[in-house]
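Student: I've got a structure I'd like to go through with you. Can we take it step by step?

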Amino acid sequence: MPLPKRRHSKTRGRKRRTHWKLDSLNLIPCPQCKQSKLAHRVCSVCGYYSGKQVIEIKVKEKKKTPKQK
Ligand SMILES: [Zn+2]
C-alpha cells in the first residue's frame with residue numbers, strides 16, 4: 001500500500017477543496033405550461049416532453065396529518 005510521506009496541512013487540504021462546488025440547476029421554462037423545469041427532462045408539472053404527454057401527473061392527495069401531542 002503506498003502511503004504519503006508527509007502529512008498535508010489542514011490549510012493545504014482546505015485550499016484544494018475550495019474548487020469543490022455545486023453547479024446551479026439548468027432550469028428552463030416549460031414550453032407547455034411555462035413552469036420552470038430541468039432542461040432535457042420531462043416536465044413534472046404537466047408531464048409533457050417535446051410536445052407530447054409522456055407521463056400522467058397524479059393530483060397530490062393531502063396526507064392525513066399525524067396526531068400532534
Ligand atoms: Zn410543463
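Student: Which geometry does the site of the zinc ion have: tetrahedral, square planar or irregular?
Tutor: Keep in mind that this is a predicted model. The zinc ion has four donor atoms, and the angles among them run from 105 to 115 degrees. Four donors count as tetrahedral if all angles lie between 85 and 135 degrees. With these angles, the site is tetrahedral.

Student: Which residues are the protein donors of the zinc ion?
Tutor: Look at the SG atoms lying 2.2 to 2.3 Å from the zinc ion.

Student: Is C43 buried or exposed?
Tutor: Buried means under 20% relative accessible area. C30 and C46 are both buried, and C30 comes in at 2% relative accessibility. For C43 the relative accessible area is 0%, so C43 is buried.

Student: With those cysteines around, how many disulfides does the structure hold?
Tutor: A disulfide is a covalent bond between the sulfur atoms of two cysteines. To count here, a pair of cysteine sulfur atoms has to lie within 2.5 Å. The number of disulfides in the structure is zero.

Student: What pattern does the protein chain follow along the sequence?
Tutor: Start with the secondary structure, which comes to one helix and four strands. Reading along the sequence then gives α-β-β-β-β.

Student: And is the protein chain more spread out than a compact globule, or less?
Tutor: For 69 residues the globule rule gives 11 Å, and the radius of gyration of the protein chain is 23 Å, well over that. Its C-alpha trace spans about 60 × 45 × 25 Å along the principal axes, and buried residues make up 10% of the 69 residues. Going by the radius of gyration, the protein chain is more spread out than a compact globule.

Student: How many Å separate the C-alpha atoms of P4 and R41?
Tutor: P4 is in the segment before helix 1 (10–17), and P4 is exposed, with a relative accessible area of 65%. Along the chain, P4 and R41 are 37 residues apart. Their C-alpha atoms are separated by 44 Å.

Student: Where is H40, and what is its phi near?
Tutor: Most residues other than glycine have a negative phi. H40 lies in the loop between strand 2 and strand 3 and is exposed at a relative accessible area of 64%. Its phi is positive, near 65 degrees.

Student: What about S50: what is its phi near?
Tutor: S50 lies in the loop between strand 3 and strand 4 (52–53). At 62% relative accessibility, S50 counts as exposed. S50 is also a residue other than glycine with a positive phi, near 50 degrees.

Student: Last one: which residue lies over the face of W20?
Tutor: A charge sits over a ring if CZ of Arg is within 6 Å of the ring centre and within 35 degrees of the ring normal. Here the distance from the ring centre of W20 is 5.8 Å. The residue is R17.

Notes:
Residues numbered from 1 in each chain as written. Predicted model: local features only at pLDDT ≥ 70, side-chain atom pairs only at ≥ 80, totals over all residues. Heavy atoms only, no water. Donors = N, O, S within 2.8 Å, 3.2 Å for Na, K, Ca; no water. Tetrahedral: all angles 85-135°; square planar, octahedral: opposite > 155°, others 65-115°. Buried < 20%, exposed > 50% of the residue type's maximum accessible area, 1.4 Å probe, protein only. Helix = DSSP H or I, 4+ residues; strand = E, 2+ residues; numbered from the N terminus. Rg over C-alpha atoms; globule rule 2.2 N^0.38 Å.
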